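This briefing covers the fold of one protein chain, topic by topic. Please have the sequence and the model open while reading.

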Amino acid sequence: MPTSAAAAAREILVRLHEVMAARSGAQAKLNAVVNIIGEALDSEVCSIYLLREGVLELFATRGLDERAVHVTKLAPGEGLVGTIAKNVETLNLDEAATHPDFAYRPETGEDRFHSFAGVPIIRRERAVGVLAVQHVDPRRYADVEIEALQTVAMVLSELIANAGLIDTAGASSARPQPTTTQRIEGFRLVDGMASGVAVFHQPRVVIEHVVAEDVEAERHRVYAAFDKMRDQIERFASQAEFGVGGEHDEVLETYKMFAYDEGWARRINEAIDSGLTAEAAIERVQQRTRMRMREIDDPLLRDRMHDLEDLSNRLLRIVAGQLGTAAQMGLRQDTILIARNLGPAELLEYDRRRLKGVVLEEGSLTAHVTIVARAMGVPVLGRVRDVKRFIGEGDRLLLDVTSEAVLARPTAAIEEAFEAKLAASQKRRAAFAALKTEPPVTRDGHRVTLMVNAGLRDDVAALDLTGADGIGLFRTEFQFLVSATLPARERQQRLYRDVLEAAGDRPVVFRTVDIGGDKALPYLDHDEDHLEENPAMGWRALRLALEREGLMKAQARALLEAASGRTLNVMFPMVSEPWEFDAAQALFEAQRSWLASRGRKLPNEVRYGAMLEVPALAEVLDLLLPKLDFLSIGTNDLTQFLFAADRAHPKLAMRYDWLSVPILRFLRRVVVPARAANKPVAVCGEMGGRPLEAMALLGLGIERLSITPAAVGPVKAMVRTLDLARLRDDIAAMLDTPSEPLRPKLEAWAAVNGVELA
């Protein structure tokens with residue numbers, strides 16, 4: 001067996017090329033193919049299954065019982081072969097029978113074979129068959145063997161298409177799209193409302209020729225395409241208009257880094273070396289990327305892989321001469337763009353006057369396209385499954401990301417209601433905007449502090465837009481999450497200085513980096529022997545930062561130097577015991593001494609705080625409070641830890657109410673000793689951004705809230721209609737003699753006392 005994937009595939013392709021050129025029929029060619037592959041991979045069994053009338057039929061085999069050909073059939077999802085076709089994924093098993101989807105077919109005589117590897121045969125983004133090999137001895141097939149199989153599967157796709165063996169009965173494109181009004185749900189990525197017609201981002205490039213006639217000519221085509229693609233990326237990056245600076249600048253720099261990645265270009269060249277055309281080589285590497293994405297549990301690393309997917313699509317369109325994306329053809333009217341996923345450069349190609357919203361089949365909050373869309377002010381709804389089944393090109397769409405849905409083909413009445421909601425939303429926003437210069441003071445004269453949460457440089461603009469008192473939580477990890485490499489200390493310092501300067505004399509509370517767990521970084525080493533089953537309660541936040549002192553020291557220096565001549569407010573996340581706070585503070589103080597010894601300018605004052613997210617910390621507040629300057633309660637993590645309920649779990653997300661007695665009593669237990677110690681307590685989390693919940697927090701004695709910018713107006717309106725003294729007396733009575741549930745009681749109290757909760 002050749003030692004490289006390219007050599008292995010080239011050896012097989014030379015022989016396959018002869019088979020394809022022969023004048024024999026399709027069945028004879030497939031019979032020859034399984035023998036060639038079996039011999040090349042030294043595998044006792046090689047089989048080809050093709051999709052016929054919606055089921056996978058054994059079409060050719062070497063090693064299984066010949067009588068099973070055209071007799072053995074498996075539905076998509078049935079058995080290992082059906083699983084490969086349904087999920088469009090590769091399987092590589094040293095013991096096939098242990099896989100949960102294994103299905104034994106006695107007519108094949110496969111009971112003596114242990115190892116199994118299979119790859120999908122893909123045509124126009126769907127599996128039209130499966131190529132599988134088996135071996136008597138239990139063993140996993142080597143990477144070079146799997147890559148050779150995947151390359152051969154591309155050639156088989158062309159062979160069976162030319163032979164007229166592509167099944168159309170099960171094609172997803174054959175499914176009729178509904179013509180009635182349809183509500184399709186998704187996930188909120190960038191908030192907003194918009195209406196327009198559905199436009200699909202791009203037609204798929206169909207690769208007609210897989211085997212290269214002249215390898216060097218194909219290589220030159222790829223080189224030219226890379227040059228053109230890189231020129232496009234440079235142009236987009238230079239023309240992007242978001243104002244001065246911003247995290248999106250770093251996104252585009254990271255994206256450019258992928259475009260110039262030599263490893264990616266080398267893999268495409270290796271695929272060409274194996275005998276593929278330029279188009280097939282790009283698609284071959286792209287298939288490998290997609291399959292790797294399915295295996296990646298880390299959502300952040302998966303987001304970075306989406307950038308590579310975007311660049312692959314762009315390179316494929318250039319080399320194929322098919323540049324007709326919706327962006328190139330131009331948008332003629334207000335548009336809601338539909339795509340499986342987008343890269344930041346692809347989004348930047350669109351006319352911002354016509355692009356009103358985006359609907360993605362995939363997408364996440366930390367994806368590069370989400371960050372750029374937020375900077376552009378374009379609402380985005382993500383994770384809309386099977387979107388092409390429900391939406392057709394040109395359909396009228398109403399996008400309501402706030403409600404996490406898109407309405408297709410609305411009736412006149414629905415559209416009228418949508419426009420009324422949009423107008424009401426704009427009117428409410430105008431009313432809240434009018435309050436930005438008004439202080440958040442209750443009717444009985446209590447001044448409440450309303451601050452905003454932030455994580456990007458551009459978020460600081462929300463201070464002026466909302467009239468907020470400052471930034472109560474600046475999530476420093478965002479800079480780490482959108483970078484392909486660990487951000488240098490100078491780059492961190494530049495971001496922190498920009499934020500402080502933009503905030504002016506308003507305070508900014510920087511939370512030290514909260515990474516690890518479900519926010520793993522691909523460029524940090526991971527302990528493969530200790531994969532976390534519950535990352536939210538794992539090696540993350542301050543735990544990880546104290547272990548990786550170099551990372552935290554760099555951040556400490558960056559913050560201290562950025563805040564020279566000012567007050568630096570720094571907060572440590574996920575403190576579980578006082579010694580962790582002590583260790584983090586000591587690290588910062590050591591860096592302050594080190595900088596002072598070298599004559600560097602330092603902050604006038606450093607104030608240290610802790611986030612109370614772990615319930616255990618409430619039991620040692622008497623030990624912790626004398627050490628710190630302020631305390632901030634992170635209600636998002638606290639709720640899931642207190643109830644042992646993963647907030648991302650669909651069955652648990654709405655089960656535990658923030659206004660339940662356990663939560664409110666727990667918060668009261670924290671507030672009472674903190675007030676007695678004269679230490680300010682803030683809440684930063686979604687709980688404080690909801691007017692009714694914010695009212696309850698104020699009733700407990702919490703007078704500092706750090707919330708999303710969009711929540712400042714509604715919460716301020718609530719505060720200005722509130723009699724706080726009366727509320728505190730009544731909430732104390734509710735908690736002393738509780739009767740579940742409390743939410744209706746608080747809603748009734750607000751209605752009776754004229755508190756605005758809209």
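Two strands count as paired if DSSP finds at least two bridges between them. Helices (H or I, at least four residues) and strands (E, at least two) are DSSP runs, numbered from the N terminus. The model is predicted: local features need pLDDT of at least 70, side-chain atom pairs count only at pLDDT 80 or more, and totals for chains, interfaces and linings use all residues. Residues are numbered from 1 along each chain as its sequence is written, and side-chain values use heavy atoms, with hydrogens and water left out.

**Overall content**

- The protein chain holds 27 helices and 22 strands.
- Of its 758 residues, 54% count as buried; buried means under 20% relative accessible area, exposed over 50%, and partly exposed in between, with a 1.4 Å probe and protein chains only.
- A contact means heavy atoms within 4.5 Å. Among contacts in the protein chain between residues at least 6 apart in sequence, 69% join residues at least 24 apart.

**The open sheet**

- Six strands make up an open sheet with antiparallel pairing, in the order β3-β2-β1-β6-β5-β4.
- The edges are β3 (73–74) and β4 (91–93); each has a single partner strand, so one side of each has no neighbour in the sheet.
- Two bridges link β2 (residues 55–62) to β3 in the antiparallel sense, and Glu57 stands opposite Lys73 in β3.
- Helix α3 (residues 79–87) packs on this sheet and touches β1, β2, β3, β4, β5 (115–123) and β6, with its direction at about 35 degrees to that of β5. Axes here are lines fitted to C-alpha atoms, for helices over the stretch in contact, and angles run from 0 to 180 degrees between N-to-C directions.
- Helix α2 (residues 26–40) lies across β1 (45–52), β2 and β6 (126–135), and runs at about 65 degrees to β2.
- Cys46 has 0% relative accessibility and therefore counts as buried.

**Helix α2 against helix α4**

- The axes of α2 and α4 (residues 143–162) come within 12 Å and cross at roughly 175 degrees.
- The two helices, α2 and α4, are therefore roughly antiparallel to each other. Angles under 35 degrees count as roughly parallel, over 145 as roughly antiparallel, 65 to 115 as roughly perpendicular and the rest as oblique.
- On the α2 side the contact is made by Lys29, Leu30, Val33 and Ile37, and on the α4 side by Leu149, Val152, Leu156, Leu159 and Ile160.
- By class, the residues of this contact are eight nonpolar, no polar and one charged. Ala, Val, Leu, Ile, Met, Phe, Trp, Tyr, Cys and Pro count as nonpolar, Asp, Glu, Lys and Arg as charged, and the others, Gly among them, as polar.

**Tyr223**

- Tyr223 is found in helix α5 (residues 215–239) and, at 40% relative accessibility, counts as partly exposed.
- Tyr223 and Ala265 are 42 residues apart in sequence, with a C-alpha to C-alpha distance of 8.9 Å.

**The closed barrel**

- Eight strands with parallel pairing form a closed barrel that runs β15-β16-β17-β18-β19-β20-β21-β22.
- Neighbouring strands of this sheet are turned against each other by 25 degrees on average, direction ignored.
- Strands β15 (residues 449–454) and β16 (residues 471–475) are joined in parallel by three bridges, and Val452 stands opposite Ile471 in β16.
- Strand β20 (residues 630–633) runs parallel to β21, with three bridges between them; Ile633 has Val683 in β21 as its bridge partner.
- Three bridges also pair β21 with β22 (residues 704–707) in the parallel sense, and Ala682 stands opposite Arg704 in β22.
- In β21 (residues 681–684), Val681 and Val683 point one way, Ala682 and Cys684 point the other way, and all are buried.
- The value for Cys684 is 5% relative accessibility, so Cys684 counts as buried.

**Helix α24 against helix α26**

- The axes of α24 (residues 691–700) and α26 (residues 724–736) come within 8 Å and cross at roughly 90 degrees, which means that α24 is roughly perpendicular to α26.
- Met695, Ala696, Leu698, Gly699 and Leu700 in α24 meet Leu724, Leu727, Arg728, Ile731 and Leu735 in α26.
- The contact of α24 with α26 has eight nonpolar, one polar and one charged residues.

**Disulfides**

- With a disulfide defined as a pair of cysteine sulfur atoms within 2.5 Å, the count is zero disulfides.
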